[in-house]
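Okay, thanks for making time for this one.

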Amino acid sequence: MTLSELSPKQKTVLKWAFTPSMRDKYKAIICDGAVRSGKTVCMLTAFILWAMRNFNGQNFGICGKTVASAERNIVRPAQEQADLQAYFSLAYRRADHVLMVRGLGRENRFYIFGGKDESSYALIQGITLAGVLFDEVALMPRSFVDQAIARTLSEPQAKLWFNCNPEGPGHWFYKEWVCQPEAHKALHLHFRMEDNPILTPEQIADAESMYTGVFRDRYILGLWVAAEGRIYDMFSTANNVVDALPDLAGESYVSCDYGTQNPTVFLLWRRVRGCERWVCVREYYYSGRDKRRQKTDSEFADDLKRWLGEDKPRAIVVDPSAASFIAELRQRGYAVQKADNDVLDGIRDTAQRIQTGELLFHRDCTHTLEEFRAYVWDEKASQQGLDKPVKASDHCMDAMRYFCVTILGRQIVSVKRRPRGL
Ligand SMILES: Nc1ncnc2c1ncn2[C@@H]1O[C@H](COP(=O)(O)OP(=O)(O)O)[C@@H](O)[C@H]1O
Ligand SMILES: [Mg+2]
């Protein structure tokens, strides 16, 4: 792709590090705001151009939440960027996570780090960097970001490049950087979807329709607001509950939240024939505390078998901490997948799928429907800027999230919405 047209805000990102008056005034740039507002693409282009024009034989850092996400969001798009290819060759060495950029008689190394990857944390401690790009910096631990910044201190010309979508107002990056850019000699630019020149008004409206509540405030309006009230406030009977099962395809999965004191839940998911929608057709719910009797792994596995009847799920997705139950199920021949348990990312993805009507629930799944009403953000944590669900009425909610993230995957739901209607 090429950046044939840039919005004024994107032009500023391309210019700041080259224009003498701005270059001397600012040490860092912060682009925060809406999703798909064109932050990453202009920043990665500007970062590489700046590095190649001003340095030779140096090391730079490109940081994502994980190495994999940095490869997906930065390395690959950079390699496909015609404006960069016109001058440079970009060769990525997957083995040691280095992007070598050569051209105009220069060569620089861009090391890829993942803020959440422990291996990256150890590696970044030993390196000197002439500049660092942090993509989605609000998803990285502060200790990692501080460490990366410390690696640039010996290079007087080094610059820091941050971009992110908003989180809660108590988030460390918001308080430390976004609220006081002058303290760091940082240029702060706030992006809205209108700052992405390739998005049409219809695409913006489409994207807006995929988020509600706090997610809309943050990802569409680009505001740093607290998560309050019901977590899945986009859930509605009209949009997400079915009285009768639609025509179903053969594929099915079970997702499980496991507890001994706390309830154990199984949800059975089946795909709707002919479209990418899934119905939670049945639930199993057992609370050892309410029934005053705890069940063993083997009893739960017997219950699962009875409850499944003729259904043959492709996999049982289980709470990763339920090691002994996972072993029991594997021994009985079930294909078990340990669930991805990144709570906040999972909630965000699940919320989108509820909002678009991709997830449906049969009305007999009463515990699940009840939990939708009761599952709320922790107010105290919220005041400290943390997004945390209250750990109660979360068993069906966790099982649902495990299914979404582990089976349906992490792909961003496309801007173009699927047609409605079953
Ligand atoms: N000036 C532009 N020219 C062409 N494509 C663009 C431009 N700005 C943004 N895009 C495209 O729009 C999409 C979203 O941009 P991205 O930088 O990933 O947004 P953000 O990081 O804000 O979520 C990407 O596919 C990107 O390539
Ligand atoms: Mg981005």
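This is a predicted model: local features need pLDDT of at least 70, side-chain atom pairs count only at pLDDT 80 or more; totals for chains, interfaces and linings use all residues.

For bookkeeping, residues are numbered from 1 along each chain as its sequence is written, and chains are lettered from A and ligands numbered from 1 in the order in which they are written.

Back to β5. Strand β4 (residues 98-103) pairs with β5 in the antiparallel sense, over 6 bridges. When I say strand or helix, I mean DSSP runs numbered from the N terminus: H or I over at least four residues for helices, E over at least two for strands. Pairing means that DSSP finds at least two bridges between the strands. The hairpin of β4 and β5 has 2 residues between the strands, and L104 takes a positive phi near 50° there. Then there's strand β2 (residues 59-64), which pairs with β5 (residues 106-114) in the parallel sense, again over 6 bridges. Here G61 is opposite Y111.

Zooming out, these belong to an open sheet of 8 strands, and the order is β3-β4-β5-β2-β6-β7-β1-β8, with mixed pairing. At the edges you have β3 (89-93) and β8 (186-191), each pairing on one side only. From one strand to the next, the twist averages 15°. Over at the β8 end, β1 (residues 28-33) runs parallel to β8, joined by 6 bridges, and C31 sits opposite L189.

Now the ligand. Which residues come nearest to ligand 1? Of the 16 around it, they are S37, G38, K39, T40 and V41; a residue counts as near if its C-beta atom, placed from the backbone, lies within 6 Å. Helix α3 (residues 39-54) gives the most to that shell, with 3 residues. By class, the shell has 8 nonpolar, 5 polar and 3 charged residues. Nonpolar here is Ala, Val, Leu, Ile, Met, Phe, Trp, Tyr, Cys and Pro, charged is Asp, Glu, Lys and Arg, and the others, Gly among them, are polar.

There's a second open sheet, with 7 strands in the order β9-β15-β12-β11-β10-β13-β14 and mixed pairing. Its edge strands are β9 (241-242) and β14 (336-338). Strand β13 (residues 316-318) pairs with β14 in the parallel sense over 3 bridges, and V317 has Q337 as its bridge partner.

Last, some helix packing. The axes of α15 (residues 343-355) and α18 come within 9 Å and cross at roughly 90°. That makes α15 roughly perpendicular to α18, a label that covers 65 to 115 degrees, with under 35 roughly parallel, over 145 roughly antiparallel and the rest oblique. Axes are lines fitted to C-alpha atoms, for helices over the stretch in contact, and angles run from 0 to 180 degrees between N-to-C directions. On the α15 side, G346, I347, D349, T350 and R353 meet M400, R401, C404, V405 and L408 in α18, where contact means C-beta atoms, placed from the backbone, within 7 Å. That contact divides into 5 nonpolar, 2 polar and 3 charged residues.

Methods. Two residues are in contact if their C-beta atoms, placed from the backbone, lie within 7 Å.
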